[in-house]
Amino acid sequence: MASRKFNLCHEASFCAENTPVTVVPSFSYKSTLPLMSSQRQSSVGPFVAGMPMEVPLWIAKVLQQRKLAQIQIPDWLSPESLTATLTEERQENMLTDTLPFYYFEIARSLQWAMDSKSTMIVLQDLANVRTDKIRSHFHEMSKGDLEKNEGELPEITITGICSIELNTVGPFLQRAFSDYGYLTKSQKQAAGGDFEGEGNTQGSEGFKRPSSLGSRLLKLRKKALS
Amino acid sequence: MADLYNLLGELDHREDEEQDFFKGRPSAAGTEATAEQSEWGSPSRSPNEAEVPLVLQQAHRDKDIGAEEDFGQDLLHGEEDMLVENDLYTKLHRHWFQERHCPELLEFDEDMAQDIKTHLEDRRDWVEQQEGVTDAVEDLMVTLTQMDTDRVKFVFSDWLTRRLAKIEAHPLYMREQIDHMSDGELRYLKSYGELYESHLRNTVLDHVPEAWQRLDEENMIDKPDYDSYHFWLAKEAIDKHGTHHEKGTCLVAKYKDMREMMIEGKVDLQM
């Protein structure tokens, strides 16, 4: 499970690096460079020293490291606009959808290019507030609707969720829901008194663990005993 | 308009930094280049060589830049190809993203895979041709192309790896999904299935009574979890269980409920 989160974090950073950012190059290069790994641009350039241009984030990082360009911090990443978003986030019940999907990963990549350190502090606060909102949203929902619907989880709307929240609470919630599904199905079976009918197959499908030789042997033994 | 003299001066300072980078470069083109071109920025320029005047250097540099207008065009043949590549990567990215989170095996896009392989090979050949390039900015372009190719390679190989992992996880069930697999994956499934079966037979099945030796029974076949919950993104306005969802809403719902809409392309998996 820990390795899955590790992978998610790196994959998110990878996808975030395709975001276009504005850079000001300090060199000139007349022809264009064709790009294969961008969904928006098919080529980059020509580079004109002193003129701002859009490049994917990973190119911007390489250029900045070699001191060949200056990255311009995007508007939404300034301390003022982040603080405004944070205030709005605290007041609203639903998540704001003004932030780009990979906002946290982009900020993390650019943090050494940023002037003020307060940006990262505000960003951490923002991420925490949003994650807590999601957690409490589900918690409230789980108290209310689930009891009424007898175990069938309704569809939950979480518009505006971003990559960092998805990767933080996502795996846990998925596991929680599938466990919940298994438990409620077992309850239904017990209530219906139908153990060996169709309900059994559904129950075993709803609670998947990776199969091993041991579990297969258990199935064989169960069959032998029935 | 940038001041080219100063630009050259600036880049001159950076040459020291680039030296470290160039240390590992093959020296095959080095000596010839210094004899013929005396190019500014050449890393293998010996200290005994006379300094070429700045004006000559600049003129030479302008000539080189003019000659390299075909830099990008060597790789691709015309504007249409550039646009096609973008669609290609968009497709690959979408396939990869969906395959990451989907519990079952999705369709294999044979044409897209073939196109990607061709493009990757073209790039690799081109980068190999550019070995021995001495100009700092040109070398930067080659490095960027290499990184770009590496990124696409990663996505492509990760996509194929995930598909194979899914095939390995449910080998018996995957026999019903062969229309979603490529030829290579089919061969893999076959040989993996044989290994798996022979392993089980040798360790367990040959030693249990015959009635329980079958691996093919329905209870014995592991299916992927269709009841798992996922985060979805609605690409169009959809109607689900009587409720209407606008475009852009994110939902949490069971996989089997949203499966048909995903195949139609109305929703996308986010996690």
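Helix H2 of chain A and helix H7 of chain B cross in a right-handed sense, meaning that the near helix is turned clockwise from the far one by less than a right angle. This is a predicted model, in which local features need pLDDT of at least 70 and side-chain atom pairs count only at pLDDT 80 or more, while totals for chains, interfaces and linings use all residues. Residues are numbered from 1 along each chain as its sequence is written, chains are lettered from A and ligands numbered from 1 in the order written, and side-chain values use heavy atoms, without hydrogens and water.

- In contact (heavy atoms within 4.5 Å) are A:Trp58, A:Ile59, A:Val62 and A:Leu63 with B:Leu140, B:Leu144, B:Met147, B:Asp148 and B:Arg151.
- Seven of these residues are nonpolar, none polar and two charged.

**Chain A**
- Chain A holds eight helices and six strands, taken as DSSP runs (H or I, at least four residues; E, at least two).
- Of its 226 residues, 45% are buried, that is, under 20% relative accessible area with a 1.4 Å probe, protein chains only.
- Among contacts in chain A between residues at least 6 apart in sequence, 66% join residues at least 24 apart.

**Annotated span**
- An unreviewed UniProt entry annotates residues 10-71 of chain A as "domain: DNA replication complex GINS protein PSF2 N-terminal".
- That span of chain A is 26% helix and 27% strand, and its end C-alpha atoms lie 22 Å apart.

Key: Ala, Val, Leu, Ile, Met, Phe, Trp, Tyr, Cys and Pro count as nonpolar, Asp, Glu, Lys and Arg as charged, and the others, Gly among them, as polar. UniProt positions are given in the numbering used here, feature names are shortened, and annotations may be inferred rather than shown by experiment. Buried means under 20% relative accessible area, exposed over 50%, partly exposed in between (1.4 Å probe, protein chains only).
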